[in-house]
Amino acid sequence: MRLLLVEDNVPLADELNALFSRNGYAVDWYTDGRDAATMAVKEPYDVIVLDLGLPGRPGLSLLEEWREAGLDIPILILTARSSWSERITGLRAGADDYLPKPFHPDELILRLQALVRRRHGQRPSPTLAVAGVTLDENSQTAMRDSEGKAVSLTRAEFAIMRYLMHHPEHVIPKDRLLDHLYDSEHDRNPNVVEVHINHLRQKLGRSIIVTQRGQGYRFGGDSTT
Amino acid sequence: MMSLTRRLDMGLLLASLVVMLLLAQGSVLLFDYATRDYLGERLQEDAESLIANPQLENSPQRLDPDTLRASFNRVYSGHYFLIQIDDLPPIRSRSLWDFQIKPHSQGLSHGLEPGPEDQKLLVWTGQYHRGTHEIQVTTALDYTPVTYRLFWLRWSIWGLGGAMAGLLVLIQRRVIRLGLKPLDRLQQELAQLHEGERMALETPMPAEISPVVTELNHQLGRIEQVLNRSRDGIANLGHALKTPLAVMEALLSREELNQHPDIKKGLQHRLDDIHRLVERELQRARLDTSEVSPAARFRPEHDLPPLLDTLREIHGPRIRFLCLGDKPASLPWDRDELLEVLGNLLDNAGKWAASQARLTLHAEEHAMRLQVDDDGPGIAIEHRGDVLNRGTRLDEQVSGHGLGLGIVEQIVGHHGGTLTLGESNLGGLSATITLPWPTPKLAG
């Protein structure tokens, strides 16, 4: 899952980078609002975390510009301005959530999960259950309901599972999977995806991910049910 | 209190009365002197015409009354004479009757001599030689009619002078009032200044006062500058502190620290303390400098829907947010402050509610009452005081940093209002804000 972080404070951005990576997000980080403005439209991000007090361009004007341009990804505002009038202004400008600093990291992750879920029409809960497979985002484990045993996933495996489960009806081309799994500086080796998918099949059964030859991958669900 | 007008009135009154007194006294003296001089000459003429009377040559013992002026013959008429020829018995005018008039050395008497019937006499004496005779003639005139007129004249001048002094005071008072009129406007402006409606004095002032006003404006400007600088300083510091606080929160949540739960907990509490202090000072800085301009007022019809939309977005479809009661067009409080109060209360209600949170507005005679109800578990009566006094939250599981009620109390207290907690008829907690209407002067 690709995340765009726009934050000018380096120590905070370092911590957030580590936090997001731990939770299976591929993070692109920009400190300047002008860079972020173009990147958000160019790259296929799944969620944006935006600081309002940015050098270059204020966050609110970025937000308005993106929404006017029809950018339809969830955006969470992260700001030191905590008053309700500022919160209302932020949300009216098109943000999906507003988290004032300082915040508890767990709360930020929960809010991000809820945002992504809401965007995919799912109930906001810490677990994602699709077609007989349950994915727990907090423990990064997956479980086939027919077996009832939770299996730990690596960060990359978890990220792939989450993306596929958010789009259960779609066939996802390998390129698109790569786009959403790795940040723009990461070495994109398509073979790595295949390796991770093989691992997932070993852990959860062959049918968990279906390969559509020449097209991509599709979430298979719990084939025994 | 010392009154400038009264002081000037007293000064002018005293000065003009003294001037009038001197004027009256002086003019009476001059008039008296001139009159005596003139009457002295008349007396001398009388004496010379008596000497010229040929009867004196023939029978120096008496003068035929018929040849004299009638006033010399009428008793105590006020015109008298006495003629002494050598050592012979003096010849007296008939008008003297039995009164003895004393001759005097030469010329006009210095003062007035007593005369018959309380008359005051102006006496003139002259020495003449006629042949071998030594003749001394004394003529006298009753001066009381003149004294009486002078007395009347003096009082007239005094009266006129007094009236003029009074008139002068009235004119001066009017001039002062006109002159001080800018001060009234100055006072009004200062009152507006006190209410925070303006930051400078603008009425043009007379040259005598304008340096004071200029200096006052200068000082006001300086104070505003210092105020702004310190408010901005607090705001910048407060907002700048929040990012490092967020970094520390993130550091605290690292797995390495899970092995030292005591340290982690202690640090977490201190971070919460710092956060609370920062929020409180930020809010205080906002309250100290907020101005209720008509544009910044809270308009329920306009401002409540976005707030409720925001809350619905935050809490999702599980909680219904309702708004009931009176909705005046505009309330005389700052929009941001009321949004902060209602946002925090409704957000709390939303966190605890099972299915609905409700805001009710009551416009009452003396105060605006804003009531927020929820159908959550409520707070036991013995814990309500703790919640209010410390602004802390009882249940650490509900997200948020427990600052909401503290800020609500701060804002409500600033406007002289109260926050009370009670039991709601929905079953949960009911938080009621009572804000007394500002005085008409402020509202208008």
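**Questions on chain A of a predicted model**

Student: Is S207(A) buried, partly exposed or exposed?
Tutor: Buried means under 20% relative accessible area and exposed means over 50%. S207(A) has a relative accessible area of 28%, so the residue is partly exposed.

Student: How far apart in space are S207(A) and L128(A), C-alpha to C-alpha?
Tutor: In sequence, S207(A) and L128(A) are 79 residues apart. In space, their C-alpha to C-alpha distance is 18 Å.

Student: How is chain A divided, and how far apart are the C-alpha centres of its domains?
Tutor: Chain A is divided into domain 1 (2-119) and domain 2 (127-219). The contact between them takes 16 residues from domain 1 of chain A and 18 residues from domain 2 of chain A. Their C-alpha centres lie apart by 25 Å.

Student: In what order do the five strands of the parallel open sheet of chain A stand?
Tutor: The edge strands of chain A are β2 (26-30) and β5 (97-100), each pairing on one side only. The twist from one strand to the next averages 20°. With parallel pairing, the order in chain A is β2-β1-β3-β4-β5.

Student: Which strands of chain A stand at the edges of the antiparallel open sheet of four strands?
Tutor: The order of this sheet in chain A is β6-β7-β8-β9, with antiparallel pairing. A strand with a single partner has one side left without a neighbour in the sheet, so the edges in chain A are β6 (127-130) and β9 (149-152).

Student: Which residue in β9(A) stands opposite T141(A)?
Tutor: Strand β8 (residues 141-144) of chain A pairs with β9(A) in the antiparallel sense over four bridges. The residue opposite T141(A) in β9(A) is S152(A).

Student: At what angle does α6(A) run to β7(A)?
Tutor: Helix α6(A) lies across two strands of chain A, β6 and β7 (133-136). To β7(A), the helix runs at about 125°.

Student: How far apart are the end C-alpha atoms of helix α5 of chain A, and what span should its 15 residues have?
Tutor: Helix α5 (residues 105-119) of chain A has buried residues that include L108(A), I109(A) and L112(A). At 1.5 Å a residue, its 15 residues should span 21 Å, and this agrees with the distance between its end C-alpha atoms, 21 Å.

Definitions and conventions. Residues are numbered from 1 along each chain as its sequence is written. Chains are lettered from A and ligands numbered from 1 in the order in which they are written. This is a predicted model: local features need pLDDT of at least 70, side-chain atom pairs count only at pLDDT 80 or more; totals for chains, interfaces and linings use all residues. Side-chain values use heavy atoms; hydrogens and water are left out. Two strands pair if DSSP finds at least two bridges between them. Axes are lines fitted to C-alpha atoms, for helices over the stretch in contact, and angles run from 0 to 180 degrees between N-to-C directions. The expected span of a helix is 1.5 Å times one less than its number of residues. Buried means under 20% relative accessible area, exposed over 50%, partly exposed in between (1.4 Å probe, protein chains only). Contact means heavy atoms within 4.5 Å. Domain bounds come from an automatic or database domain assignment.
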